[in-house]
Amino acid sequence: MTSWHPDRISVESFMRGELGGSDATRIVKHLVAGCPECQGVARLYYPCARPAAVPGGAERCISSWRGKGGRKVGEIFEDLLPELRSRQADLESEQIDAPGLVDRLAQCPQERRLMLVENSERYQTWGLCESVLERGFAMGPQDPAKALEWTELGVAIARKLSESTYSSELVHDLKARALSYLGNARRINSDLAGASRAFEEASAELDEGTGDELELARLLELKSALLFEYRKFREGFKILDRAIGIHRSSGGEHFLGRALIAKGFQLGELGDPEAAIATLMDGLKRIDIHAEKRLHLAAKHNLVYHFYSAGRYHQALAMVPEVRALHKELGDTVDLVRFKWLEAKIAQGHGELEAAETAFCEVRQFFAESEIPHEVAQVSLDLAILYLRQGRVAELKRLSSEMLVMFSSLGIGREAIAALVLFQQAVEMEKASFGLIRDLAAYLKNARNHPHLPFRPSSSD
Ligand SMILES: [Zn+2]
């Protein structure tokens, strides 16, 4: 998001006071973040500084901002100009920009980073805060613990931002963003209560901010993910749709695309693959794939999955080579194994049982060695369905005993073990059914977030 630049014409019309609403707000934040290129354009309009001509020496000649749509943020920016200009001169003399400082911070342990941010003004800048937050956000899927550290650092910087340099309203906006990201980072670290608190704080900060709808949309989008985690689908979709509405009216195609993809993921979770497919495809058309390669890949990966679960095997297969290549390019081993798992499911759906079995076994082996018990359980159940379909009772029995031993040693929750015991008993009595396996798979998926959920198989089928 920090890679976004307004076009030159927009910056110029903003500086002439002709641009209002969320467009103006976005440009103000971009200029405040210290983009040298856009500040260069803005500076052409600067000698609005005619201190001698203005009573009291104030630089108040961009008065055309008043009365336009971007009134509030325009006035704020006008007040900030002198501060920003001197601040920029300081930073230029130090010749260290935000990316340079981020690299420097990356070398330090977290304790030292927090100390630098606390004590050195050089680290208390808008641009650095945004860069640190984006870094934390981007890291989330691969390294949740590090993502949390960077996000906490971003919150610490936001709290140190000078209100005289950036204005109180803009600082509240950025604190809201930092806390929204913190909520998200806590969610992916399974601290759901902490996530909820961070979102509440973010919401309170927004109330004190500029009223920037894009910041609100960002909060709503991230908060919806927490509601979905609690399986509160109705509430989650309500606020996600509100975020989508904001993006639609503000014309930010990339952000709209992201929110649609988030919605597509959840429609899939809800078990509506056709709606998920339509929404993901709509979102994919809109995102800037170079800016967010991982999101692009995740959306395509899920699209393949939903084609598969909607029984559209040919469409799923047609996408497989492209998505596999994307996984290889981004180089995340676990994701690549997950995709192999999906390929195995598609092969099974297509009737290529031998290829499916080999792949399921390899995937299972990988997750067992990586000690990811829930994935071992899920892929074991895929294998169980395959054995059951072929009437391979002896192998099914061996598999269910192995599962029980493995999960006891991998530290899976007690309720989940109890569910597996039930499953094993059914297998021993040769009463395991596709329905029971599917119930167990769904139960284990839910039990990840609610470890004390008791397992109740639905009536037999
Ligand atoms: Zn720029």
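Q: What makes Leu 101, Leu 116, Val 117, Leu 128 and Ile 157 count as residues that Tyr 123 touches?
A: In this predicted model, the C-beta atoms of those residues lie within 7 Å of the one in Tyr 123, and that is the cut-off for a contact. Residues up to four places away in sequence are left out of that list. Tyr 123 itself sits in the loop between H6 and H7. Leu 101 is 22 residues from Tyr 123 in sequence, with 7.5 Å between their C-alpha atoms.

Q: How do you know where Leu 81 falls: buried, exposed or partly exposed?
A: Count its neighbours again. Leu 81 has 19 C-beta neighbours inside 10 Å; buried needs 20 or more and exposed needs 12 or fewer, so Leu 81 is partly exposed. It lies in helix H4, residues 71–94. Tyr 166 is 85 residues away along the chain, yet the two C-alpha atoms are separated by 9.4 Å.

Q: What makes Ser 167 and Ser 190 stand out in their backbone angles?
A: Both have a positive phi without being glycine: about 80 degrees for Ser 167 and about 65 degrees for Ser 190. Ser 167 is in the loop between helix H9 (163–166) and H10, while Ser 190 is in the loop between H10 and helix H11 (192–207).

Q: How do you know whether the length of helix H8 agrees with what its residues should span?
A: Helix H8 runs over residues 144–160, which is 17 residues, and at 1.5 Å a residue it should span 24 Å. Its end C-alpha atoms are 25 Å apart, so the two agree. Among the buried residues of H8 are Leu 148, Trp 150, Leu 153 and Ile 157. Their cover includes helix H6 (110–119), helix H7 (126–139) and H10.

Q: What makes up the largest nonpolar core, and which residues have the most contacts inside it?
A: That core has 118 residues, and Cys 129, Ile 157, Ala 178 and Val 363 have the most contacts inside it. Helix H10 (residues 168–188) gives the most, with nine residues. At least three residues come from each of domain 1 (1–95) and domain 2 (355–461). As for Val 363, it touches Val 337, Lys 340, Trp 341, Ala 344 and Val 379, leaving aside residues up to four places away in sequence.

Q: What kind of crossing, left-handed or right-handed, do H14 and H16 make?
A: H14 passes H16 in a left-handed crossing. The axes of helix H14 (residues 253–269) and helix H16 (residues 293–309) come within 11 Å and cross at roughly 30 degrees. H14 makes the contact with residues including Ile 261 and Phe 265, and H16 with residues including Leu 295 and His 306.

Q: How many helices and strands does the protein have?
A: It has 23 helices and zero strands. Buried residues make up 41% of its 461 residues.

Definitions and conventions:
Residues numbered from 1 in each chain as written. Predicted model: local features only at pLDDT ≥ 70, side-chain atom pairs only at ≥ 80, totals over all residues. Helix = DSSP H or I, 4+ residues; strand = E, 2+ residues; numbered from the N terminus. Core = buried A, V, L, I, M, F, W, Y, C linked by C-beta atoms within 7 Å. Domains from an automatic or database assignment. Contact = placed C-beta atoms within 7 Å. Expected span 1.5 Å × (residues − 1). Axes fitted to C-alpha atoms, helices over the stretch in contact; angles between N-to-C directions. Left-handed = near helix turned anticlockwise from the far one by under 90°.
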